[in-house]
Amino acid sequence: MAPMKWKKLGRVFVPAGDAAWMHSHAANPVALIGDGELVRIYFSTRDVENRSSVGWVEIDLKEPTRILRVSPRPALSPGTIGCFDDSGASIGCILRRGGELWLYYMGWNLGVTVPWRNAIGLAVSRDGGDTFERVSLAPVMDRSQVDPYTLSYPWVIEKDGTFRAWYGSNLSWGAEKADMDHMIKAAHSRDGVSWIRDGKVVIIPTSDAEFAFARPCVVADPGLYRMWYAFRGERYRIGYAESVDGENWIRKDDEVGIDVSPGKWDGESVEYPSIFDHGGKRYMLYCGDGYGRTGFGLAVLEGM
């Protein structure tokens, strides 16, 4: 396959800071296709106390940098005090299931000996995605023998009667960020609630400088799984890998076809990719500098 080439269409959204619950950041964007060219984009935002919630904006793909609507309230807010998500709820992905929308998310719980503990939750919407209700006060994927430290940003697809997930997991904690070794793993489930994990790392670092792999996005094309993800040493970049079975992946980062734009909102880093197809075109939502602090942008794959 020839290297991809993504054409950047511009920055779509960054919070204005005028809402207490959407004070800053628009991270981990996820698209939900509507009628015609209408797309609702969900993202993680932060309140004045730095707690994350899930919000959304709506755009028309013909003019993607013009915002049509902004969510007046959170679609999902931090959880009950003492629960795994009481310090924040950050979006992973949204899955359509009949008339429902299933939102898999990462719950934040601040720590003492370590900065935080994360686990993966599930919330369901029956009103078209305006509000989501947790299926449980507890996570659907929590720390275990194979994931003893923390779990993050799940990406879930349903194929041939099986749910498959790819998610982040710490292999260790340390004094410095580079000591945490945050890697991507896989899981599967029959019902999307109870998950089977073996702890295998599926995207292998190519050097000691790579210590964080985050926010996998997987597309099941005919005969081939494709994964886009964020990885970092000093700064985040977007990586790409392929697999015939969804378990064994070959990294092809040199084919990803998107990088920073010096001097712009994504001039230092690019991360948190999310892929969607519409109208015969393939699009990528992504974040730039500051892990969502500068908002998110949109790119389209050329030659598709």
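## Before we start

What you see is a predicted model, so the ground rules are these: local features need pLDDT of at least 70, side-chain atom pairs count only at pLDDT 80 or more, and totals for chains, interfaces and linings use all residues. Residues are numbered from 1 along each chain as its sequence is written, and side-chain values use heavy atoms, with hydrogens and water left out.

## The big picture

Let's begin with the secondary structure: the protein has zero helices and 20 strands. Both are DSSP runs numbered from the N terminus, where helices are H or I with at least four residues and strands are E with at least two. The radius of gyration is 18 Å, close to the 19 Å that the globule rule gives for 304 residues, so the protein is as compact as a globular protein of that length. (That radius is taken over C-alpha atoms, and the globule rule is 2.2 Å times the number of residues to the power 0.38.) Along its principal axes, the C-alpha trace spans about 45 × 45 × 40 Å.

Of the 304 residues, 55% are buried. Here buried means under 20% relative accessible area, exposed means over 50%, and partly exposed is in between, with a 1.4 Å probe and protein chains only. The protein exposes about 13300 Å², and carbon and sulfur atoms supply 50% of that. These accessible areas come from the Shrake-Rupley method with a 1.4 Å probe; for residues, only the protein chains shown count as cover. As for contacts (heavy atoms within 4.5 Å), residues 24 or more positions apart account for 49% of those with a separation of 6 or more.

How many residues of strand 15 are buried? Nine of the nine, residues 224-232, so this strand is largely enclosed by the rest of the structure. L224, R226, W228, A230 and R232 point one way, while Y225, M227, Y229 and F231 point the other way, and all are buried.

Strand 15 has partners too (two strands pair if DSSP finds at least two bridges between them). Strand 14 (residues 212-221) runs antiparallel to strand 15, joined by eight bridges, and V219 has R226 as its bridge partner. The hairpin of these two strands has two residues between them, and G223 takes a positive phi near 75 degrees there. Strand 16 (residues 236-243) also pairs with strand 15 in the antiparallel sense, over eight bridges. Y225 stands opposite S243, and a hairpin of three residues joins strand 15 to strand 16.

## Strand 7 and its neighbors

Now look at strand 7 (residues 100-110), which is mostly covered, with nine of its eleven residues buried. Nine bridges join strand 7 to strand 6 (residues 88-97), and the two run antiparallel. I91 has Y105 as its bridge partner. In the hairpin of strand 6 and strand 7, with two residues between the strands, G98 has a positive phi near 65 degrees.

Strand 7 pairs with strand 8 (residues 116-125) as well, in the antiparallel sense over ten bridges. Here M106 stands opposite I120, and the hairpin has five residues between the strands.

Strand 12 (residues 182-189) and strand 13 (residues 196-201) pair in the antiparallel sense over three bridges.

## Single residues to look up

Most residues other than glycine have a negative phi. N28 has a positive phi near 50 degrees, and D160 has one near 55 degrees. Are these residues buried or exposed? N28, found in strand 2 (residues 24-33), is buried with a relative accessible area of 1%. D160 lies in the loop between strand 10 (151-159) and strand 11 (162-170) and counts as exposed at 74% relative accessibility.

Finally, find T45 in strand 3 (residues 38-46). At 0% relative accessibility, T45 counts as buried. Not counting residues up to four places away in sequence, T45 touches several others, including P15, W21, H23 and R51.
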